[in-house]
Amino acid sequence: VAWRFLCISGIGRRATLAAMAVFCLHPTFYVMGGSMNNDDFMLLLFFSSLLYLLRWYQNPGWKNSLLLGVCIGCAMMAKTSAALLAPVAAVVFLIKLCQLWRQRGGLRGVLPIVGRLAAFGAVSLPLGLWYPIRNLIAFGQPLGYVAKIGEDAAIYCGRVPLLYRLLPFVSDAWQGQLYCDPFEDYNIAAYLARCSVFGESGY
């Protein structure tokens, strides 16, 4: 999927090979390749969504609209964090609509695309949101619910300065152990680097 995405992206042969080297050799994909959970499935659907989003941008026909809807909807069903695709897709849709508005002279020229976007929404929204809506109806759980972390929880990081958490090199998190420790590692960049190379666990 990544290869197909890169081949039609127009970034050039050298950049495509460099990106594929990351996909093929980065440790996180080996760690995830040995896992049996929803993360692997979500990642496949995430990249499939990017592929069909690029294909839709190049050719906003019915096939690409519906396949994009299936990929994004199933990615969100696999893991809610795939909703990060939604703003990216919205920006691409908006850019394409503006281009077609100028090229085809107004509203009449973009109406067919609006219909395909409606079909995209009719496919992606039920697939991606059925489980949160089911929990809302069955248990009264709000949409987008995240369990609150109390100040007495071991993983609470509200006392750690924001700059220490966000800026890559203002903390001492790059020193010490190689493996992730969610109760001690509060710097996002350091934790991301450790997690992507060694996985989420300490050994």
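**Asking why: the core, rings and salt bridges**

Modeller: Start inside: the largest nonpolar core has 23 residues, and Leu 53, Trp 56, Leu 68, Ile 72, Ala 82 and Phe 93 are the ones touching the most other members. Two or more residues of this core come from each of helix H4 (38–58), helix H5 (62–78), helix H6 (85–104) and H7. The top contributor is H5, with 7 residues.

Biologist: What makes a set of residues a nonpolar core?

Modeller: The members are buried Ala, Val, Leu, Ile, Met, Phe, Trp, Tyr or Cys, joined through side-chain atoms within 4.5 Å. Buried here means under 20% relative accessible area, exposed means over 50%, and partly exposed is in between (1.4 Å probe, protein chains only). Keep in mind that this is a predicted model: local features need pLDDT of at least 70, side-chain atom pairs count only at pLDDT 80 or more, and totals for chains, interfaces and linings use all residues. Residues are numbered from 1 along each chain as its sequence is written, and side-chain values use heavy atoms, leaving out hydrogens and water.

Biologist: Which residues does Ala 82 contact, leaving aside neighbours within four places in sequence?

Modeller: Met 42, Phe 46, Ala 75 and Met 76. Contact means heavy atoms within 4.5 Å.

Biologist: What is the overall make-up in helices and strands?

Modeller: There are 9 helices and 0 strands; these are DSSP runs numbered from the N terminus, with helices (H or I) of at least four residues and strands (E) of at least two. The C-alpha atoms fill a box of roughly 60 × 50 × 35 Å along the principal axes, and buried residues account for 29% of the 203 residues. Of the contacts between residues at least 6 apart in sequence, 48% join residues at least 24 apart.

Biologist: Why is the Asp 39 and Lys 79 pair called a salt bridge?

Modeller: The rule asks for a side-chain nitrogen of Lys or Arg within 4 Å of a carboxyl oxygen of Asp or Glu. Asp 39 and Lys 79 meet at 2.5 Å, N to O, so the pair qualifies. It links distant parts of the chain, with Asp 39 in helix H4 and Lys 79 in the loop between H5 and H6, 40 residues apart.

Biologist: Are those two partners buried or partly exposed, and what are the values?

Modeller: Asp 39 has a relative accessible area of 17%, so it is buried. Lys 79 has 31%, so it is partly exposed.

Biologist: How many salt bridges are there by this rule?

Modeller: The count is 2. Asp 185 and Arg 194 also meet in one, at 3.1 Å, N to O.

Biologist: How do you know that Arg 194 is buried?

Modeller: Its relative accessible area is 8%, so Arg 194 is buried. Asp 185 is buried as well. Arg 194 lies in helix H9 (residues 188–198), and its contacts beyond four places in sequence include Trp 174, Leu 178, Tyr 179 and Asp 185.

Biologist: Why is the Phe 23 and Phe 29 pair called tilted?

Modeller: Rings of Phe, Tyr and Trp (its six-membered ring) pair when their centres lie within 6.5 Å; planes under 30 degrees apart are stacked, over 60 edge-to-face, and the rest tilted. The search finds 7 aromatic pairs in the whole structure. Phe 23 and Phe 29 sit 5.8 Å centre to centre with 45° between the planes, hence tilted. Phe 46 and Phe 47 give 6.1 Å and 80°, which makes that pair edge-to-face. Ring pairs link these four, Phe 23, Phe 29, Phe 46 and Phe 47, into a cluster.

Biologist: Why do Phe 46 and Phe 23 count as partly exposed?

Modeller: Phe 46 is at 22% relative accessibility, so it counts as partly exposed. Phe 23, at 24%, counts as partly exposed too.

Biologist: What makes up the nonpolar surface patch of about 560 Å²?

Modeller: Leu 125, Leu 129, Ile 133, Leu 136, Ile 137 and Leu 143 make it. Patch residues have over 30% relative accessible area and no salt bridge, with nonpolar side chains (Val, Leu, Ile, Met, Phe, Trp, Tyr) joined within 5 Å and like charges within 9 Å. Accessible areas come from the Shrake-Rupley method with a 1.4 Å probe, and for residues only the protein chains shown count as cover.

Biologist: Why is Leu 143 called exposed?

Modeller: Its relative accessible area is 54%, so Leu 143 is exposed. Leu 143 lies in the loop between helix H7 (107–139) and helix H8 (162–166).
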